[in-house]
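Please consult the sequence and the coordinates as each point is raised.

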Amino acid sequence: MTTITQSVQLDRRGRVAVLTVTNPPVNALSQHVRQGLRDGLAQAVTDAGVGAVVIVCAGRTFIAGADITEFGKPPKAPGLHEVLEQIEGCPKPVVAAVHGTALGGGLEVTLACHYRIGAKAARFGLPEVKLGLLPGAGGTQRLPRVVGVEKALQMIVSGDPIGAADALQHGLIDEIVEGDLTAAGVAFAERALAERRPLRKIRDLHDKLAAVRGKPEVFVEFRRSVARQTRGFRAPESCVKAVEAAVSLPFAEGLKRERELFMELMASPESKAQRYFFFAEREAAKIPDVPADTPAKEIRKAAVLGAGTMGGGIAMNFANAGIPVTVVEVAREALDRGLGVVRKNYEATAAKGRLTPRDVETRMGLITGTTDFNAVADADIVVEAVFEEMPIKKDVFAKIDAICKADAVLATNTSTLDVNEIASATKRPESVVGMHFFSPANVMRLLEVVRGAKSSKTTVATAMAVGRRIAKVPVCVGVCDGFVGNRMLHLRGREAEKLILEGAAPHQVDKVLVDFGFPMGPFAMGDLAGLDVGWRIRKGKGLKSAVADRICELGRFGQKTGGGYYRYEKGDRTPIPDPEVEKIIVDAATAQGITRRHVPDEEILQRLLYPMVNEGAKILEEKIAIRASDIDVIWVYGYGWPVYRGGPMFWADRVGLRTIRDRMLELRRASGDDLWTPAPLLDRLATAGRGFVEA
Ligand code: 3H9
């Protein structure tokens, strides 16, 4: 065994040289990996006793891509292109043996090899688009030559990996192997030598490109099919252009075009935001005083209290992860209705082909409905999702405290109530935690894990771990009104209401946010969620909202009643501006003595987003969020903040905190509204010329 660099070893198995990459945790293509592959290969080439080369990886995965931490820094030789050219040009067969995930630059390494084999569970993908990039080491030129243009477009633009069976079917790998991967790689190489197989260079394949040459409609149709989900992103269109170049240009020129497009993207604000977000998401898993090795409780059985929309969605999350879950409801009728909705949801997914009928039954089989509270006795975790009223919640917690086993985690899905007060209804506040799911709970990825004053580290660690297990992105936050997400959202909503009184139309306000990149604006959102919910909460708190209250008084609760801030045609969700609502707004403005005016789009954007940023600053100073990037993760996963703008705190840094602070002071002077008083942290950072993210 020869050590080539700190991360690459060269070994001989008979006449096959094995290059093993060991660069934990994910074998990223750091400089020493590139150098190790280059120098190791050179040694294998000069060694007359070597007939073929196998590239494998140690640890949990094949190479998962370029080393993202090197991006934005001066490049260090050798570049990946140089290494790949050397692999492809190697006069002896080179075989990639893949386990785990071959992603990005990792898959590009395999595409430069002459043969590829994979373990059964291996996955293959080019996820660069998720970082706002495109595969920049030949992936856009080689992949379509192997799997065909349509499949390549789909893989490169979605960024989603495919499994080994799919890869085999599309010619991306030559064989699926079982058992020891290195041995299988060596055996494959031996066979290639024995059969004197020609060196198969992907760059020389043309058939699959020729199939679409002169058929521009393939690209037109593809662009049309992804237009909706790629709106606002820069990288997807560049990915398509690069694949077009593969079809229209010779290989070397195609590579050049890919390089240009890659460099453009690398410098783009969208990619910078998406790369920031990649690490932000991973940081969110870390809680400084609850280290990764904090013992978490093993969850074998869960219970959900309440079979409403939220309770049903939460139960689905557990069932989807294979965890048996008991759903408790007070009345049989409500229980049956709730479980009926769950079944309908699963069947709708199956109808789209994303679940088999058998999956539906397996998942339904994991969900047990009951009206007997005692059924929670053996649950390892209980998630309460009953009516949002403190006395009811406290009553429920006192009840489960008496029934649940001593080490169970008791979670509340409250979105507005004080978790500490709820915990005080039990004799074990250390076991109580908030698990705030977002609607629809089976779809939205965000989970705010609300750490109460007395929540134990084990309780918090368990909530975070189970959150990940049920495929959520858990973010730990502290207790305050609305926690992080809704607290910031509330300010945006308040300002939206003021803007329409001052003269902006609901559809203008919504459009500004949609143009910014949100899937919808606050008014369309309200209509979708149901305006009666907020109305009920306002009434409970003795609060008023001139326009929203009037709309609700007319029985306009949103889409479900055919009208809210907009009107809707039967069976159609398209919001249509409604003169009746405009009249309500004008009347309310007149009653309040407001002179209506044209409100420019730029002002709308500032007035909607700056108060959120300001609230984010307060949240940070109060230590409700651990770090600025956690707030960004919450907004991207919970509220549709466009990931290519990083999140509100990252975005604020780009705008410049001084710009935001000064504009807020201007708005305060003009309106006299204290909302525009800059938070002390924002003010300090602005004065110091710093930002939230690097603060
Ligand atoms: C590319 O390849 C460009 C080329 O086309 C062209 C070049 C010229 N680099 O996610 P995890 C860290 S672009 C550096 O929690 P999992 C990660 O930050 C790249 N670090 O594990 C974390 O650190 P920490 C295309 C990386 O098991 C730790 O590894 N490739 C990289 O849940 C564990 O990560 C991608 O976009 C990296 N490439 O998931 C793949 N990847 O522990 C990106 C991870 O300190 N990676 N880290 O927080 C992934 O999708 C997942 O990490 C993977 C494992 C699925 C591999």
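Q: How far is an oxygen atom of the ligand from an N or O atom in the side chain of Glu108?
A: The model discussed here is predicted. A polar contact requires a pair of N or O atoms within 3.5 Å. For an oxygen atom of the ligand and an N or O atom in the side chain of Glu108, the distance is 2.8 Å.

Q: What percentage of the area that the ligand exposes when taken alone does the protein bury?
A: Taken alone, the ligand exposes 1,000 Å². The share of that area buried by the protein is 72%.

Q: Which helix supplies the largest share of the shell around the ligand?
A: The ligand is surrounded by 24 residues, and the closest are Arg60, Ala66, Glu108, Glu128 and Arg282. Both α3 (105-112) and α12 (269-283) supply at least two residues of this shell. The largest share, 3 residues, comes from α12.

Q: Which strands are the edge strands of the open sheet of 7 strands?
A: This sheet has mixed pairing and the order β1-β2-β3-β4-β5-β7-β10. An edge strand here pairs on one side only, and this applies to β1 (2-5) and β10 (175-177).

Q: Which residue in β3 stands opposite Val8?
A: Strands β2 (residues 8-13) and β3 (residues 16-21) run antiparallel and are joined by 6 bridges. Opposite Val8 stands Val21.

Q: Why is one side of β6 and of β9 left without a neighbour in the sheet?
A: The open sheet of 3 strands has the order β6-β8-β9, with mixed pairing. Both β6 (101-103) and β9 (162-163) stand at the edges, so each has a single partner strand.

Q: How far apart do the C-alpha centres of domain 1 and domain 2 lie?
A: The domain assignment gives domain 1 (2-266) and domain 2 (302-477), along with domain 3 (485-591) and domain 4 (612-688). Between the C-alpha centres of domain 1 and domain 2, the distance is 42 Å.

Notes: Residues numbered from 1 in each chain as written. Predicted model: local features only at pLDDT ≥ 70, side-chain atom pairs only at ≥ 80, totals over all residues. Heavy atoms only, no water. Near = heavy atom within 4 Å. Polar contact = N/O pair within 3.5 Å; in protein donor to acceptor, adjacent residues only side chain to side chain. Areas by Shrake-Rupley, 256 points an atom, 1.4 Å probe, with all protein chains shown as cover. Helix = DSSP H or I, 4+ residues; strand = E, 2+ residues; numbered from the N terminus. Domains from an automatic or database assignment. Pairing = 2+ DSSP bridges.
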